[in-house]
Amino acid sequence: MSELNPNNEWTFVVDRLEKTVSLAMEIAEVIRTPGVVAFFGGLGSGKTTFIQALGAGLGHRCAITSPSYTIINRYDGGSLPLVHVDCYRIEEEKELYEIGLDEIFAGDSLVCVEWSDRALGLLPQSRLEIHLSYEGHRQRGVKILLLGDIWPELRSKIPLWLERNL
Ligand SMILES: Nc1ncnc2c1ncn2[C@@H]1O[C@H](COP(=O)(O)OP(=O)(O)OP(=O)(O)O)[C@@H](O)[C@H]1O
Ligand SMILES: [Mg+2]
């Protein structure tokens, strides 16, 4: 683990899968209200893995699989419904309006978006951003940005996770 930025941005270096999963589970503990988590990062950087662990942390017991073709998967149950969006195949943002993503963002769920760079115009101002980077077979960079007033408890919790190396 490394680097602490005192504002709203924190960077972890995660050296194995289990730590990515722990970090996601810690975040899930804090998430008690609907909102959007926007994921950024290339192929294999760990976006789906992170979302699966968030889902598990919210108590979703079914398999969470990437909605590469359906674009959107919704999972009811758990402490909050989970909507998993994959924008990889999106060429223009208007396609996302057509499938009602703006309404889904304003809905009752935790909405996790892979390839968020393809949905920038629709993302709500208040959101959690997670930027993942591949740094080696098991190592990933995880930059977390907390934008607006969503899940304010994260602001005090994330530095503690950094300190204790998860
Ligand atoms: N520290 C780590 N954190 C996350 N994933 C890891 C880590 N170490 C190894 N992995 C592996 O890296 C792979 C990440 O794949 P995943 O499908 O989550 O990436 P993705 O960003 O969703 O890719 P895509 O862009 O294709 O959707 C998984 O096989 C996972 O087990
Ligand atoms: Mg994926």
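How many bridges join E3 to strand E4, and in which direction do the two run? Four bridges link E3 to E4 (residues 82-86), and the pair is antiparallel. Here, strands (E, at least two residues) and helices (H or I, at least four) are DSSP runs numbered from the N terminus, and two strands pair if DSSP finds at least two bridges between them. Within this pair, Arg74 stands opposite Val83 in E4.

The structure is a predicted model, in which local features need pLDDT of at least 70, side-chain atom pairs count only at pLDDT 80 or more, and totals for chains, interfaces and linings use all residues. Residues are numbered from 1 along each chain as its sequence is written, while chains are lettered from A and ligands numbered from 1 in the order in which they are written.

Turning to the whole sheet, seven strands form an open arrangement in the order E1-E7-E6-E2-E5-E4-E3, with mixed pairing. Strand E1 (9-14) and strand E3 (72-75) stand at the edges with a single partner strand each, so one side of each is left without a neighbour in the sheet. On average, neighbouring strands are turned by 15° against each other, direction ignored. Axes are lines fitted to C-alpha atoms, for helices over the stretch in contact, and angles run from 0 to 180 degrees between N-to-C directions.

Helix H1 packs on the sheet, where H1 touches E1 and strand E7 (140-147), and the direction of H1 makes about 150° with that of E1. Helix H5 (residues 153-163) also touches E1 and E7, but its direction makes about 30° with that of E1. Contact means that the C-beta atoms of two residues, placed from the backbone, lie within 7 Å.

H1 also meets H2: their axes come within 8 Å and cross at roughly 45°. The two helices are therefore oblique to each other, a label for angles that are not under 35 degrees (roughly parallel), over 145 (roughly antiparallel) or 65 to 115 (roughly perpendicular). Residues making the contact include Thr20, Val21 and Ala24 of H1 and Thr49, Phe50 and Ala53 of H2.

Finally, there is the ligand site. Of the 16 residues around ligand 1, Thr20, Gly46, Lys47, Thr48 and Thr49 come nearest; a residue is near if its C-beta atom, placed from the backbone, lies within 6 Å of the molecule. Helix H1 (17-30) and helix H2 (47-57) are the elements that give two or more residues to this shell, and H2 gives the most, with three.
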